[in-house]
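Visitor: I'd like to learn how to read a model like this one. Could you walk me through it?

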Amino acid sequence: MTYVNTVFTEGPLEAQASEFASYVSKLKGEPEEKGPFIIETRNLLKDKKFEQVFQLFAKSTSVLLEAPEKEFEAIFNLLIAILKSASPDTHPTLIKSSIESLVVNQNDKAIQKLKVLQNLYNTLEYASPLRYDVFLTILDIAAKNDEIDTLLLQLSRLDTWVKEWAISTNQIRELYMTVSNRLKEAGELKLSHDFLLKHLATYSSSDDLSTAKPAVIRAVTEAIQLPEILSFEDILELHVAIQCLKSEEKLFDLLKVFLNGNLKEYKAYVDKNPDDVEKFGLSIEDNTRKIRLLTLASLASENVSREISYETIAKALEIEESEVEMWTIDGNLLNIIYIIFNADICRKANNFF
């Protein structure tokens, strides 16, 4: 979504407004040239009551959803062009009103809606806070219509856009949480987790951290749960996470097992807290597999210059020696070692625990 004006309309405002009114009147099934919508528009234009014309048009977007697909984008582009003539004080409200029905109405024009909203987004200035509202609308429509894949490339630029929009901390917080939730619903679990951490990073020591606690608990359980997350420093670098976990000692203890512990320590935790793992929504079987991989990687990183016997590995993982090769191959050991080794350096540099 780069800044390119993709709305091509010509003519004076009155001509554009008359064209739009005629189209809406036709969609409403009103008499040609004599419909109530046309008459009301003409009277307002005659009296130079342009702001009332803009309000009337902004409320008519639900009618535009009945437009044929081949005309849908063009008529919305015309509306966007007309509303650009509104005063700076009323323009934001008009835009928000005009796009509201695109989310509420569940018809089958998802692709057309997304094109229209992208056009609108691109006509707004880089620093316009309205881009925030339009982006959230795009996200909602994409998520509700299984089109979230179309936004994945743009999400990598979201941090930059947030700075350009100059929105409040609460808006940034809401944005990251909404993105995280939508991605989770779409099955993009690792990316969803990344945006959850961005959400938590917006909290400072002066905030009411109790409101962040559910997100912190979710972040910790996801980090343990997701197979591709093999280092946990990102969570522990967050002030809000440390503060919130002080009242969740058992979950914090489990996190520390995955951070610094091994299979033996994990089993000791489960024996001591038999119901907690499932209470946190985690799988004992999946956890055991993950802690075995982390134990294997730690064992390898501690013996970089020495060979490790199958017997040593089998004992540490509590498996048969015949299974060792399968674990080293299936676990993509070199990649895991690299992740853990670098995470360990970061942890020592930041004096974690």
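Guide: We'll go from the overall picture to confidence, and then to one helix pair.

Visitor: What does the secondary structure of the chain come to?
Guide: This is a predicted model, and its chain has 22 helices and 0 strands. Of the 353 residues, 47% are buried. Take contacts with a separation of 6 or more: 66% of those in the chain join residues 24 or more positions apart.

Visitor: Where is confidence lowest in the chain, and where is it highest?
Guide: Helix α12 (residues 189-200) comes out highest, at a mean of 96, and helix α22 (residues 333-349) lowest, at 47. Residues 1-8 stay under 50, and the model gives them 28 contacts beyond four places in sequence. Residues 343-353 also stay under 50, with 15 such contacts.

Visitor: At what angle do α7 and α8 pack?
Guide: Helix α7 (residues 110-123) and helix α8 (residues 130-144) pack at about 165°, their axes 10 Å apart. Angles over 145 degrees count as roughly antiparallel, so that is how α7 runs relative to α8. The crossing is left-handed.

Visitor: Which residues in α7 and α8 meet?
Guide: From α7, they include L114, L117, L120 and Y121; from α8, V134, F135, I138 and I141 are among them. By class, the contact has 10 nonpolar, 3 polar and 2 charged residues. K113 in α7 and R131 in α8 are also part of the contact.

Conventions: Residues are numbered from 1 along each chain as its sequence is written. This is a predicted model: local features need pLDDT of at least 70, side-chain atom pairs count only at pLDDT 80 or more; totals for chains, interfaces and linings use all residues. Side-chain values use heavy atoms; hydrogens and water are left out. Axes are lines fitted to C-alpha atoms, for helices over the stretch in contact, and angles run from 0 to 180 degrees between N-to-C directions. Helices (H or I, at least four residues) and strands (E, at least two) are DSSP runs, numbered from the N terminus. Angles under 35 degrees count as roughly parallel, over 145 as roughly antiparallel, 65 to 115 as roughly perpendicular and the rest as oblique. A crossing is left-handed if the near helix is turned anticlockwise from the far one by less than a right angle, and right-handed if clockwise. Contact means heavy atoms within 4.5 Å. Ala, Val, Leu, Ile, Met, Phe, Trp, Tyr, Cys and Pro count as nonpolar, Asp, Glu, Lys and Arg as charged, and the others, Gly among them, as polar. pLDDT is the predictor's confidence in each residue, from 0 to 100. Buried means under 20% relative accessible area, exposed over 50%, partly exposed in between (1.4 Å probe, protein chains only).
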